[in-house]
Amino acid sequence: TMNTATPTEFEFSFLEEGFSARDIDDRDAFYVCDLGDVVKKHLRWMRALPRVTPFYAVKCNDSRAIVMTLASLGSGFDCASKTEIQLVQSLGVDPSRIIYANPCKQVSQIKYASAHGIQMMTFDSEVELMKVARCLCGVLLSICRLLSFH
Ligand SMILES: Cc1ncc(COP(=O)(O)O)c(C=O)c1O
């Protein structure tokens, strides 16, 4: 749980207020993230839309700190790959809170998701729906995804 997690498990370091980029030794790219703000935004969503469960798209930012924070708040997860499913499940998230969501799924990954208890998948074309239906031998619990226009 969050209370027992250490920064090492989270793969993060705490920054003091007023830090500057020069205070960070590591020359690799890094995120600066306010986890309190993630919590606040999740709670604001739950208050405003209590009947709509958010499914966080792990591809946006797969930092363990963020995924663990949202997992402890009861959020769902939109996983686009086996790697993302493994990450979310390694943090103890129940498969009922995971959607395998990818516009062009690999057959091996459809089977992987199904074998790991995931019953929700997205599709927005007949071909994709038939692919999932064939892979799972007719056992299908899918959600249709509305196209978004950017
Ligand atoms: C079925 C499907 N279509 C399309 C997309 C891409 O959606 P967007 O263009 O909103 O990023 C996804 C992303 O998960 C998807 O699952």
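Predicted model: local features only at pLDDT ≥ 70, side-chain atom pairs only at ≥ 80, totals over all residues.
**Exercise 1.** Find how far helix H2 reaches from its first C-alpha to its last, and state which residue caps its N-terminal end.

Solution. Step one: H2 covers residues 35-48, which makes 14 residues. Step two: from first C-alpha to last, H2 reaches 20 Å, close to the 20 Å expected at 1.5 Å a residue. Step three: the cap at the N-terminal end of H2 is Asp 34, with a side-chain oxygen 3.0 Å from the backbone nitrogen of Gly 36.

**Exercise 2.** Describe how H2 packs with helix H3, and name the residues that meet.

Solution. Step one: H3 consists of residues 64-72, and H2 packs with H3 at an angle of about 35 degrees. Their axes are 10 Å apart. Step two: the crossing in which H2 passes H3 is right-handed. Step three: on the H2 side stand Leu 35, Val 38, Val 39 and His 42, which meet Ala 65, Ile 66, Thr 69 and Leu 70 in H3. Step four: by class, the contact of H2 with H3 has six nonpolar residues, two polar and no charged.

An α-helix has 3.6 residues a turn, so residues three or four places apart point the same way.

**Exercise 3.** Work out how helix H4 and helix H5 are oriented to each other, and which residues make the contact.

Solution. Step one: H4 (residues 82-90) and H5 (residues 107-115) pack at an angle of about 20 degrees, with axes 10 Å apart. Step two: angles under 35 degrees count as roughly parallel, and H4 and H5 are therefore roughly parallel to each other. Step three: their crossing is left-handed. Step four: H4 brings Lys 82, Ile 85 and Gln 86 to the contact, and H5 brings Gln 109, Tyr 112 and Ala 113. Step five: these residues divide into three nonpolar, two polar and one charged.

**Exercise 4.** Do the analysis for H5 and helix H6.

Solution. Step one: H6 spans residues 126-135, and H5 packs with H6 at an angle of about 55 degrees, their axes 10 Å apart. Step two: H5 and H6 are therefore oblique to each other. Step three: the crossing of H5 and H6 is right-handed. Step four: Val 107, Ile 110 and Lys 111 of H5 make the contact with Lys 131, Val 132 and Cys 135 of H6. Step five: the contact of H5 with H6 has four nonpolar residues, no polar and two charged.

Note on methods. Residues numbered from 1 in each chain as written. Heavy atoms only, no water. Helix = DSSP H or I, 4+ residues; strand = E, 2+ residues; numbered from the N terminus. Expected span 1.5 Å × (residues − 1). Polar contact = N/O pair within 3.5 Å; in protein donor to acceptor, adjacent residues only side chain to side chain. Axes fitted to C-alpha atoms, helices over the stretch in contact; angles between N-to-C directions. Parallel < 35°, antiparallel > 145°, perpendicular 65-115°, else oblique. Left-handed = near helix turned anticlockwise from the far one by under 90°. Contact = heavy atoms within 4.5 Å. Nonpolar A, V, L, I, M, F, W, Y, C, P; charged D, E, K, R; others polar.
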